[in-house]
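Please read this briefing with the sequence and the structure side by side.

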Amino acid sequence: MENEKREKFIVPIGPQHPALKEPGHFEFTVDGETVTGATVRLGYVHRGIEKATEDRNWTQNLYLLERICGICSHSHAMAYSLGVEKLAGVAVPPRAQAIRQVTAELERIHSHLLWLGVAAHEAGFDTLFMFSWRDRETIMDILEELTGNRVNYSVNVLGGVKIDIDTERADSIRKGMDFLEERTTHYLKVVTSDETFLRRTRGVGFTTTEQAETLGLVGPTARAANVARDVRVDVPYITYADFPITITLDTRGDLEARFVVRIKELFECYRVIRLILDKLPAGELTTRMPRKIKEGETVSRIEAPRGELFYFIKSGGGEKPERVKVRTPSINNFALVTGTAVGHQLADMPMILAGMDPCFSCNDR
Amino acid sequence: MDTVKDILALLFFPAGLAVIFGGLAYEWIDRKLVAQLQNRIGPRWFQPAADIVKLLAKEEVLPEGVDQWLFHSLPIIALAGVLTAGLYVPLFGLAPAHSFAGDLIVTIYLLSMLTLCTGLAGANTNDHFSLIGATRTLTQLFSYEAPFLLTLLGPAIVAGSWQISEINAYAGSHWMILTQPIGFIVSMIGLMGKLELPPFDAPEAETEIVAGAMTEYSGRGWALFRLGKNVELLIGLTLIAAFYLGGLDNPLTFLLKTLVLLLTVAGLQALFARLRIDQTVGLWWRVGALLVLVQLLVTIVLKGVLT
């Protein structure tokens, strides 16, 4: 009886909970402070977007799919555009591709800085939270200057991009990169040397490389466990072959490694953005797209800030797609929470959850 | 006449209303400082008072399955405890309203009432966040209480008295932060643990257990607990300033010394990530308690040798 009672002491986190501003439900069975079991329930904000795409034409879908996620909106729009362009057999001008890559990397910076703040907040380190979000404003300002919007930048059109980067804008991006690089160096120092913070991250949520493979982790979470998995490197799309990035790996596989990998990826972003700005190919921004896309199906994969984003697009030859299937990186990574929770302290749970950078909005389309 | 004076001292000044408003002012300064350190703007000066007025006016929800009597009386007992403690400390640099031999011990226990009431309040409800919060609150109480007590005993032993006013007078000519630096540091950290300020806010870690033991409290009860915490902040700072920073003999030194301490507390709050409860306990017993014990022994031995 006593045992059974203990067994049932469940701490629910979500769908309404201060630790999680997004709607997911986690149940942690605890014995004292130690977690003995974890379950996850998702799907609270299912919006039926995949089905809705079947009622809209190819162009309208671009704007609908961009709204799957507020953080990685460009990734969704780009993955969809790449798929549709492949189906239509259209070659996108190189300048448009390079601008897509710049936006994608700017978005990655924005996402990683946002994550850094959230994860620090989960550890009760609000000072880092406030500072990283203040610096994130730099990237938001750049995106606003570039596209007119802070989120849902709507950079893509089918067959190209809407915006151009002239020298003036390039200079303001460079200035922002310089400022952020200096700040990021400081953050890297903080997360690797702050004693109280290391006590919350070192050795917490540890996964071996084999475990990470078994759980099917993607993105920075997998790379922190030394799984060399990055679509930008494995299957370079747009201009990633011309402006390659170096994969960031860490062998430790714990929360600290996830912090380090994401922050080091930021440096990679700054480097690549500067490189592209220096060698931005000249030429057109868009190319003609047919109204109707010829029959066929395709898969397009890109590396979103959280990991591999997968689009399956099927066309029946009409003005509308027959099926659009999206698989977001978060669904893979949720296994990390349930897989590593047991044996940890309850206080580590929000950290482990935040450590994989979950995106519920992506997840429940 | 004396009775009237006593009642005035109890209800208005220096205990009672004056402490409450003082506590609210100090909460504001603390919040504002932390906000500035975190690159935020922070609340306006009347925000803590406005919060209390708003909470007092709001409905108090009585959760199912709680002991009603306990639920309503715990906040009152907690606030009464810290307000009573206000009678024995040199608030605003004035002589304590009341004083008797051994009032130091009484004050220390009155200050623990708040934490104890918080723990009981959490354990009183069926809410899982509250229960875990209550466990953590009480665990934390057991870890910092002994070292904190010892840090206040250090000055008492040197002064040769258990009466706060006498220790305060003795401290006027002896800055004990210089002779007992460990005691000073541990007492500051102990106060932060007592008030559950970051990085010792595991008992009310919002990202894990919402508001900890206080999760089910709303309206009046929550307001009283918050008031109690504010008053305790003021009284704790007064005690430490009186013992370690050369005593308090007029309002000006009081303001100066407690504000310096508050600045330190705010800086520490902004500087660290939250400690897990097991880390808090480990820190206190492995480091805090041991250091203070060593210092206490040295103090006693030296006092014996010198006199």
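**Nonpolar core**

The largest nonpolar core has 186 residues, and those with the most contacts inside it are A:F28, A:V337, B:A78, B:V82, B:I240 and B:F243. Helix α11 (residues 219-244) of chain B gives this core its largest share, 16 residues. A nonpolar core is a set of buried Ala, Val, Leu, Ile, Met, Phe, Trp, Tyr and Cys residues joined through C-beta atoms within 7 Å. A residue is buried if 20 or more other C-beta atoms lie within 10 Å of its own, exposed if 12 or fewer, and partly exposed in between, with C-beta atoms placed from the backbone.

This is a predicted model, in which local features need pLDDT of at least 70 and side-chain atom pairs count only at pLDDT 80 or more, while totals for chains, interfaces and linings use all residues. Residues are numbered from 1 along each chain as its sequence is written, and chains are lettered from A and ligands numbered from 1 in the order in which they are written.

- Apart from its neighbours within four places in sequence, B:A78 is in contact (C-beta atoms, placed from the backbone, within 7 Å) with B:M113, B:L114, B:C117, B:T118, B:L224, B:F225 and B:G228.
- In soluble globular proteins, nonpolar side chains tend to be buried together.

**Chain A as a whole**

- Chain A contains 15 helices and eight strands; helices (H or I, at least four residues) and strands (E, at least two) are DSSP runs, numbered from the N terminus.
- The radius of gyration of chain A, taken over C-alpha atoms, is 21 Å, close to the 21 Å that the globule rule (2.2 Å times the number of residues to the power 0.38) gives for 365 residues, so chain A is as compact as a globular protein of that length.
- Along the principal axes, the C-alpha atoms of chain A fill a box of roughly 70 × 45 × 35 Å.
- Of the 365 residues of chain A, 51% count as buried.

**Sheet β1-β2-β3 of chain A**

- Three strands form an open sheet in the order β1-β2-β3 (chain A), with antiparallel pairing; two strands pair if DSSP finds at least two bridges between them.
- β1 (10-13) and β3 (34-41) of chain A are the edge strands, each pairing on one side only.
- β1(A) pairs with strand β2 (residues 25-31) of chain A over four bridges, in the antiparallel sense.
- Opposite A:I10 stands A:T29 in β2(A), and A:P12 has A:E27 as its bridge partner in β2(A).
- The covered face of β1(A) holds A:V11 and A:I13, and the uncovered face holds A:I10 and A:P12.
- Helix α13 (residues 329-340) of chain A lies across β2 and β3 of chain A, at about 155° to β3(A); axes are lines fitted to C-alpha atoms, for helices over the stretch in contact, and angles run from 0 to 180 degrees between N-to-C directions.

**Sheet β6-β7-β8 of chain A**

- Another open sheet of three strands has the order β6-β7-β8 (chain A), and its pairing is antiparallel.
- Its edge strands are β6 (296-304) and β8 (321-327) of chain A, each pairing on one side only.
- Strand β7 (residues 307-315) of chain A and β8(A) pair over six bridges in the antiparallel sense, and A:I313 stands opposite A:V324 in β8(A).
- Helix α4 (residues 73-88) of chain A lies across β6 and β7 of chain A, running at about 150° to β6(A).

How values were computed: Contact = placed C-beta atoms within 7 Å.
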